[in-house]
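Subject: Structure handover, aromatic contacts

Hello,

Here is the structure we talked about. Please open it and keep it beside this email.

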Amino acid sequence: MSLSRRNFVIATSVAAAGSTLLSACSSGDSGSGSGTPSGGATEYTGAKVTVGTKADSTGPAPEIAGAKKGGTIYGLAPDDFSHLDPGRIYYAYNSTVALLLHRCLTGYKIDSAGKQKLVGDLATDTGTMSNGGKTWTFTLKDGLKWQDGTELTVEDVRHGIERLWAKYIIESASYVQIALTGKGGKWRDAYEGPYKGKHLSEIVTDKAKKTITFNLAEARPDFNFTMAMHSYAAVSPKFDTKEKYDKNPASCGPYKIKSHTTDKSMVLVRNASWDPATDSIRNAYPDGFEFDFGIETLDGVDRLIASSGKDAYAVSIYKGVPAERIQKVLTDPEIKKRTFNGLLTGTYYYAINTKRVTDLKVRQALNHAWPLQQIRQIYGGPSSGDFATTILSPDILGREKFDVYGKLKKPQGDPAAAKKLLKEAGKEGMKIVYAFPQDPTYNKTKVVIENALKAAGFTPIIKPVDSTTYYDQVQKVDNSYDVMWFGWSPDWPTAYTMIQPLFDSANIGDGLYNVSQTNIPWIDAGVQKDMVIGDQKKAGEAWAALDKRIMEEVAPIIPEMYQRRYYVYGNKVGGAQFDPNFSATLLYKTFVKA
């Protein structure tokens, strides 16, 4: 399994996430809230995911009321996109621009309420599965073209995947490579890449029929979701300039790159060869996009609030409203009209080291004791997100809401329930070593956590860890911590990408993600059983049941938050909404208001 980097980028930046939101709304799983201002003009709280039909996959994309073609949308961001070559795109921020340039076999059709439907993008539908999930066949749509007008073929889809074996590509997702070869982390040993003329025998193309078939070594019933990742977008051998492709990739989407000055700006213009009749996902109302980089988040938000000159036509691409401005944004009715918000795709939680905390009743007591309400108040109150009670985040297909430890009724913690369990276990006064990344926000939460643990009958030992080495430390098997702050985001919205990395015993090891070191045979068996269920609705139900059983019978984590992010945009921008897949502005739905 590869690090789930698309949304959390947990190895570098989530420790700051809690401090970026302040005050305001209550919704979804949030539990008790205060009378503070409510959320943005448009809210998305756990958009459910469905699998669409061939009709759903047929373009053009549904029109947006009041939208018109023309004009330029400006995007503000602190940083340039780190990669434009789809094979090197994994981070969510890069995917925000990839949606305008690159197309995959499948993708997500998102409505105005943030509901997601997996549909065929380059493919006519979401694919046909056979052979128990080991064989997948997709048929390409008619009329697909590259920016120079040449036909996009199944060979281009194959090449986009085969080139991931090139030594210069080290950033891609690896799900498809592993599924094709069955070699796990040694998938590179199976193939040398396409540049010497050899193709992967596991991928079979028929140019005349426009079909591409994947013969997998391992069953993957949700392979059609995997194929929506930009790592697996089409790349034509004709345009493939290898390492140089990252600077100037060819487009098969609605826009193409006109100019790009690294770390300063990028201009996109219409791709005249893109046919909206082939695309059920993307609207393309603006004549182009102009991105300005090097704009610090606070400065960018102030510009968007002022909405003067070009900034009236501007959006923040990926950075939400910081704490310094959230009150202003949500309490001014005119500004609030120009906002949207949504939950990030994953779950923040505290991993309990089951190798050290071996008694189930103690782990259950920790869940009862944990002061979610006080923690969220430090993060900024209800606007910072919803209380988490499940492993699976609200966007996961099949996820069911439950609350085993009564956290929505008593989010402040239930010391009496915790004490009772500790007494039953004979563990009164037990020492608990709590580790967290050193950060101004978490230096505050440690105080309320320490007090809550004492009130519940524990003896807390607080261990701040340098944020630059935090994940290296907690992802060691022999670490000396009992409870560790952590977080995870799925690579696509099915439960496999959350439960398998975090609770399968195969992922116990230095640098791996089963930080709780959960080693339970029935969990491993459940993962293997659920991952091959072909009907995704039934699979979702099975994963949801496994989620609940894990929390009831193992309690390896303390769920904390489904965090929320707010955005503000210029007063001449229409159609701006939250992308529930990448937690960003959904650029392809924006338009310039008359």
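Below are notes on its aromatic rings.

The model is predicted: local features need pLDDT of at least 70, side-chain atom pairs count only at pLDDT 80 or more, and totals for chains, interfaces and linings use all residues. Residues are numbered from 1 along each chain as its sequence is written, and side-chain values use heavy atoms, with hydrogens and water left out.

Aromatic pairs come first. The whole structure holds 30 of them. To pair, rings of Phe, Tyr and Trp (its six-membered ring) need centres within 6.5 Å; planes under 30 degrees apart count as stacked, over 60 as edge-to-face, the rest as tilted.

Y350 and W370 make a tilted pair, with 4.8 Å between centres and 50° between planes. This pair links distant parts of the chain, 20 residues apart. Y350 is in strand β15 (residues 347-352) and W370 is in the loop between α8 (360-369) and α9 (372-379). Helices (H or I, at least four residues) and strands (E, at least two) are DSSP runs, numbered from the N terminus. Y350 counts as buried because its relative accessibility is 0%. W370 is buried too, at 0%.

One aromatic cluster takes in F81, Y93, Y255, F289, F291, F293 and Y318.

The charged end of K242 sits over the ring of Y195, 4.5 Å from the centre. R549 has its charged end over the ring of W522, at 3.7 Å. The test is NZ of Lys or CZ of Arg within 6 Å of the ring centre and within 35 degrees of the ring normal.

Best wishes

Definitions and conventions
Buried means under 20% relative accessible area, exposed over 50%, partly exposed in between (1.4 Å probe, protein chains only).
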